[in-house]
Amino acid sequence: MTTSTEAISISALSKSFGSAKALDGLDLTVAAGEVHGFLGPNGSGKTTTIRVLLGLLRPDAGQVRMLGGDPWRDAVALHRRLAYVPGDVTLWPGITGGEVIDLLGRMRGGLDRRRRDELLERFDLDPRKKARTYSKGNRQKVALVAGLASDAELLLLDEPTSGLDPLMESVFQQCIQEAKLQGRTVLLSSHILAEVEALCDRVSIVRLGRTVESGTLAELRHLTRTSISVETAEPLRGLETLPGVHDMVVEDRHARFDVDTAQLDAVLRLLVPLGVRSLTSTPPTLEELFLRHYGAGPAAGEQVAS
Amino acid sequence: MTGTWGLLRFMLRRERIGLPWWLLGATLLVLVQSTQSQNLYDSPEALERLRRTVGGNTAVIAMSGPTRLLDSIGGEVVFEIFAFVAIVVALMAMFLVGRHTRAEEETGRAELIRSARVGRQAPLAAALALAGLASLAVGILVFAAAAGTGLPVGGSILFGAATATVGLTFAGLTAVASQVFENTRAAYGSVGLVLGAAYVLRAAGDVGSGALSWFSPIGWGQRTFPYAGDRWWPLLLPLVSSVLLVTAAVALSRRRDFGAGLVPSRPGRARATRWLRDAYGLAWRLQRGNLAGWVVALGLLGVAYGAIADTIEQYIRDNPEIAEFLPGGAADVVDAYLALTFGMAALIAAAYGVAAVLRVRGEETSGRAEQVLATGTSRLTWLGGQLSVALAGSALGLLAFGLGEGAAYGATVSDAGQVPRLVGVAFAYLPAVWLIIAVVVLSLGWAPRPSAVLGWVAVGYCAVVTLFGDSFDLPGWARRGSPFAHTPQVPLVDPALTPLLVITALAAVALAAGYAGLRRRDVGY
Ligand SMILES: Nc1ncnc2c1ncn2[C@@H]1O[C@H](COP(=O)(O)OP(=O)(O)O)[C@@H](O)[C@H]1O
Ligand SMILES: [Mg+2]
């Protein structure tokens, strides 16, 4: 185990392919032992970041440290301590899934046989089939079993569930929970928000090769709005004048509105004296968080980043 | 059948790069053979001498065809080249049908197409139409090449038609194999086996009574005797067989599920053997089938060349014109001949080596390299895996060639000493082969994108220098780039150590420089 509490620390990372800028000053910090969600739309630079971490790509600028080493210089030594699952798994057509799992495990320095067999069972994967006959989902399972059966302290997962059905998705989530209990660090790139919400301690959101948001889910929620539906004994008055209240619909004693999560306290103080009969509050989903950055056009992202 | 026409157009577009090469290859074979034969046997007397020499030489008949073809110069061309053109056309038809039927189902792409408004039989129908059109095109081109080089028009039409019908037969065969087998390789393997059997059966038939040749699609074509009797009726055999085969394929396809074959593929290993533990084990595992095929093929080629080495001397005495093509002239005829065959074998070994080492690039662009390099595998080990197969495989191929040639030649002259002698000769050609592989590695390190083109251009250039350097009278500077031009033509001349050491050293430098480049660059694009 690394002595540092940061499993990954990236600052101001840039990488271009010819004239195309894939990463443009990206920052990312992953603490040891946490499950970190790495979110962003297609083409935002998630895969490129992971390839830099794997020492496959050489950064143009910026600092990158992983498990206390330099991913480019110390690649081989670091790789023995991590497992990688790509988003689009291609395998050797004439080799069976079981053989691939063993091969990748041995190349990494050994794998736990019992765990391997148990994972094969849980993911319902037939290891005797030649890779050319596997569907996308099954190829993904091969890479997942190979990665999870290792005792790597760091898991780099690049959209690892893109081909899985919902049943397997839940098996995957259990496996990540277990990995977390074992104290492993996980960097999970994804665009499946439910998965990230279920698994991650902290998330970083990237866009156009740059980090636009980073923090715990609670912190990020704080930046967004909570939806409130309330019924009071007294007629509702004065709410619309409060800062941070939006999209208010009032019908006498009944109101529906959104409130900036930071202003929630002030709103409740105003409501309580009116005699609250019923109240439902819906916390913002990651989806809304996400849409706020990507749905609202370029301006929204820049605003938060500054 | 709905959608067949649209699919056919789509297939033609996908084949627009590959198909022309097949057509060109078949055409060139006929073009070159026809020109060369008409130059060599330009008089009835020359042809008569050839008939006498070949008539007593079983090996030549086994390699080529029935001697009745030697009645005319056009027939001589068919005698020498038909079997090879037939093999090219058969392989073309096999890949066209296989790629667009079984391979499409295996990769799952066909599922997409079927979900569109396309009938169940449409992909098979379109693929067969594609192979049919391609065969027709080959037929027309063969006719044009033969008639264009001055051979009689009537015989040329028959020559073209006979070639085209070979394509039809093998298209039908592949259509059946694609229904029977679940994976493309097994389908190709079974068709390849039939093709090999077709060649062997006609060889046995042509050497013997001729009866066995009638079981061979290649034999059917040869026994139309273009320019030597022009017999059309044997073409009924391939035509009837293709109709029967296509009918069978359609019937079989109705009896199977999508994606499945009539013979399910065997399950493989659940666990890796202990050999599959690192990049070396992986590379050898991936390439072993291919490697074995090449080594056996080169060994057999050695046997074929070795078997006729003894009669060469006799042959040359009868045809002094041929001596011009041999580096040592009429003197030392057998050794000159052996040196020439080693030159060819070395080119084939170099082509194998280039294909083997280019797997490095294939692994990279497919994304598989990324998974291997994300483990404890260093870039040196990753490169070393495939490179070791290329270097050792090309060496094994050359040694197998020397062994085969030595054994066959030794048997005909009752001299077991030829085996170690010719195996030893093989080593002289190895440094040049390795240098070509090393140049590809250099490119993989510093300019990966053009590495495939560069590798094949290098092999092609060396082939032109070796095969045509003398007949085209290439100037010295134009030949100097080929390492084979600096390789002593053993066993005709004694092996000189200096050029061999220099070539080896150059190869080592290129390998080291290539690795240095690979260490510095991004992987995976
Ligand atoms: N090898 C490459 N060559 C050129 N452009 C690339 C290459 N790899 C990635 N890119 C570009 O870099 C950007 C980031 O891509 P990527 O990291 O794959 O995004 P993500 O994984 O978030 O979808 C994209 O615009 C992509 O087109
Ligand atoms: Mg990606």
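This is a predicted model: local features need pLDDT of at least 70, side-chain atom pairs count only at pLDDT 80 or more; totals for chains, interfaces and linings use all residues.
Residues are numbered from 1 along each chain as its sequence is written, chains are lettered from A and ligands numbered from 1 in the order in which they are written, and side-chain values use heavy atoms, with hydrogens and water left out.

**Chain A as a whole**

- Chain A has 11 helices and 13 strands, and its C-alpha atoms fill a box of roughly 75 × 45 × 35 Å, taken along the principal axes.
- Of the 306 residues in chain A, 50% are buried, where buried means under 20% relative accessible area, exposed means over 50%, and partly exposed lies in between (1.4 Å probe, protein chains only).
- The domain assignment divides chain A into domain 1 (6-214) and domain 2 (225-283), with bounds that come from an automatic or database domain assignment.
- The centres of domain 1 of chain A and domain 2 of chain A, taken over C-alpha atoms, are separated by 43 Å.

**The site of ligand 1**

- Ligand 1 is surrounded by 11 residues, of which the closest are Gly43(A), Gly45(A), Lys46(A), Thr47(A) and Thr48(A); a residue counts as near a molecule or strand if one of its heavy atoms lies within 4 Å of it.
- The site is shared between chains, because residues from chains A and B surround ligand 1.
- Helix H1 (residues 46-53) of chain A gives the largest share of the shell around ligand 1, namely 3 residues.
- By type, the shell around ligand 1 holds 4 nonpolar, 6 polar and 1 charged residues, where Ala, Val, Leu, Ile, Met, Phe, Trp, Tyr, Cys and Pro count as nonpolar, Asp, Glu, Lys and Arg as charged, and the others, Gly among them, as polar.
- Taken alone, ligand 1 exposes 560 Å², and the protein buries 64% of that; accessible areas come from the Shrake-Rupley method with a 1.4 Å probe, and for residues only the protein chains shown count as cover.

**Backbone features**

- Asp247(A), which is placed in strand E11 (residues 245-251) of chain A, has a positive phi of about 50° although it is not a glycine, and at 57% relative accessibility Asp247(A) counts as exposed.
- Asp252(A) lies in the loop between E11 and strand E12 (254-260) of chain A; Asp252(A) is not a glycine but has a positive phi of about 60°, and its relative accessibility of 52% makes it exposed.
- In chain B, the peptide bond from Val490(B) to Pro491(B) is cis, with omega near 5°, and Pro491(B) is found in the loop between helix H20 (476-479) and helix H21 (497-520).

**Selected residues of chain B**

- Arg361(B) lies in helix H15 (residues 359-366) of chain B and counts as buried at 12% relative accessibility, while a polar atom of the Arg361(B) side chain lies 3.4 Å from the backbone oxygen of Pro448(B).
- Thr169(B), in helix H9 (residues 153-180) of chain B, is buried with a relative accessible area of 3%, and the side chain of Thr169(B) reaches the backbone oxygen of Thr165(B) at 2.9 Å.
- Ile113(B) has its place in helix H7 (residues 109-115) of chain B and counts as partly exposed at 23% relative accessibility.
- Between Ile113(B) and Asp415(B) there is a separation of 302 residues in sequence and 62 Å in space, C-alpha to C-alpha.

Methods
Helices (H or I, at least four residues) and strands (E, at least two) are DSSP runs, numbered from the N terminus. A polar contact is a pair of N or O atoms within 3.5 Å; within protein, one must be able to donate a hydrogen and the other to accept it, and residues adjacent in sequence count only if both atoms are side-chain atoms.
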